[in-house]
Structure formats: structure tokens, C-alpha cells
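Please look at the sequence and structure below before reading on.

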Amino acid sequence: MKVKLIEQAAEIVGDNQLLVNIVSKRVQQLNHGADPYVPTTPEMQSGDIALMEIIEGKITWHEMTPEEIAASRAEAAEQKDPFADLAEKAGEVPEGADERTITTTLTLD
């Protein structure tokens with residue numbers, strides 16, 4: 001990434017850690033096929049594109065308030081964990097088996 005672009009984007013965002021997070025997320029999107037919001041050249045890398053998008057005001061962000069964070073956490077807690085049933089089944093001991101002799105084998109395809 002070009003230092004000049006980083007400096008310009010840092011002035012706009014105001015927080016270096018937030019800038020890193022915004023750019024990282026946008027680079028991930030671009031690398032997975034998202035279209036750029038700014039004109040690009042072949043030598044521009046995803047990081048440069050993300051920084052240009054910030055500089056040109058094409059990307060906006062919103063920092064959540066403590067109330068929004070609490071509401072988001074409450075909503076997430078209400079959602080059923082899709083892996084909860086699997087975890088419960090994995091912890092079950094088959095009839096007649098001694099809990100001390102159960103082993104788990106992980107097979108990777």
C-alpha cells in the first residue's frame with residue numbers, strides 16, 4: 001500500500017486501529033470478487049483500492065453505541081447455536097461404555 005494513501009485515509013478515519021479494520025474488511029471483500037467503488041488501474045492492489053474508496057468517501061462506517069452493542073449481544077444470545085446439538089451428542093457416552101475409555105478420532109478429508 002502506498003504511504004500517501006494511508007496517511008490521507010488515516011486523517012479521514014481518525015483512528016489507526018479502525019482504519020486497519022475497515023481496510024482489512026474491504027480488502028477481503030475485494031479479494032472475494034466485490035466490485036471496486038472507484039476507478040482502478042492494473043497496478044493497484046486491493047489495499048490501495050480500499051484506501052482510495054475511503055479517501056473518496058465511497059465507504060462509510062458506523063461505530064456502535066454501548067446500547068447498540070448490548071442489543072446486538074442480546075440478539076445473538078437469543079439465537080440457537082447450530083452446533084449445540086452436535087456438541088451435546090458428542091458428549092454422550094454410549095450405553096454400556098465406560099466414560100474413561102471413550103476416545104475421539106478426528107479424520108480430515
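**Glu53 and its surroundings**

Leaving aside residues up to four places away in sequence, Glu53 touches Arg26, Leu30, Pro36, Tyr37, Val38, Lys58 and Ile59. The model is predicted, and a search of the whole structure turns up two salt bridges. One of them joins Glu53 to Arg26, and the other joins Asp48 to Lys2.

**Glu53 and Arg26**

- Glu53 is found in helix H3.
- In the salt bridge between Glu53 and Arg26, the closest N and O atoms are 2.6 Å apart.
- This pair links distant parts of the chain, with Glu53 in helix H3 and Arg26 in helix H2 (residues 16–31), 27 residues apart.
- Glu53 has a relative accessible area of 0%, and it counts as buried because that value is under 20%.
- Arg26, the partner of Glu53 in this salt bridge, is also buried, with a relative accessible area of 4%.
- The side chain of Glu53 has a further polar neighbour: one of its polar atoms lies 2.8 Å from the backbone nitrogen of Tyr37.
- Tyr37 is also among the residues that Glu53 touches.

**Asp48 and Lys2**

- Asp48 lies in helix H3, which spans residues 46–55.
- Asp48 forms a salt bridge with Lys2, and the closest N and O atoms of the two are 3.5 Å apart.
- The two residues belong to distant parts of the chain: Asp48 is in helix H3, while Lys2 is in the segment before helix H1 (3–13), and 46 residues separate them.
- Is Asp48 buried or exposed? Asp48 is buried, with a relative accessible area of 4%.
- Lys2 has a relative accessible area of 45%, so it is classed as partly exposed, the class between under 20% and over 50%.

**Ile6 in helix H1**

- Ile6 has its place in helix H1.
- Ile6 is partly exposed, with a relative accessible area of 32%.
- Ile6 and Val20 are 14 residues apart along the chain, and their C-alpha atoms are separated by 9.7 Å.

- Helix H3 holds Asp48 and Glu53, each of which forms a salt bridge, Asp48 with Lys2 and Glu53 with Arg26.
- Asp48 is buried and Glu53 is buried, whereas Lys2 is partly exposed.

Methods
Residues numbered from 1 in each chain as written. Predicted model: local features only at pLDDT ≥ 70, side-chain atom pairs only at ≥ 80, totals over all residues. Heavy atoms only, no water. Salt bridge = Lys/Arg side-chain N within 4 Å of Asp/Glu carboxyl O. Helix = DSSP H or I, 4+ residues; strand = E, 2+ residues; numbered from the N terminus. Buried < 20%, exposed > 50% of the residue type's maximum accessible area, 1.4 Å probe, protein only. Polar contact = N/O pair within 3.5 Å; in protein donor to acceptor, adjacent residues only side chain to side chain. Contact = heavy atoms within 4.5 Å.
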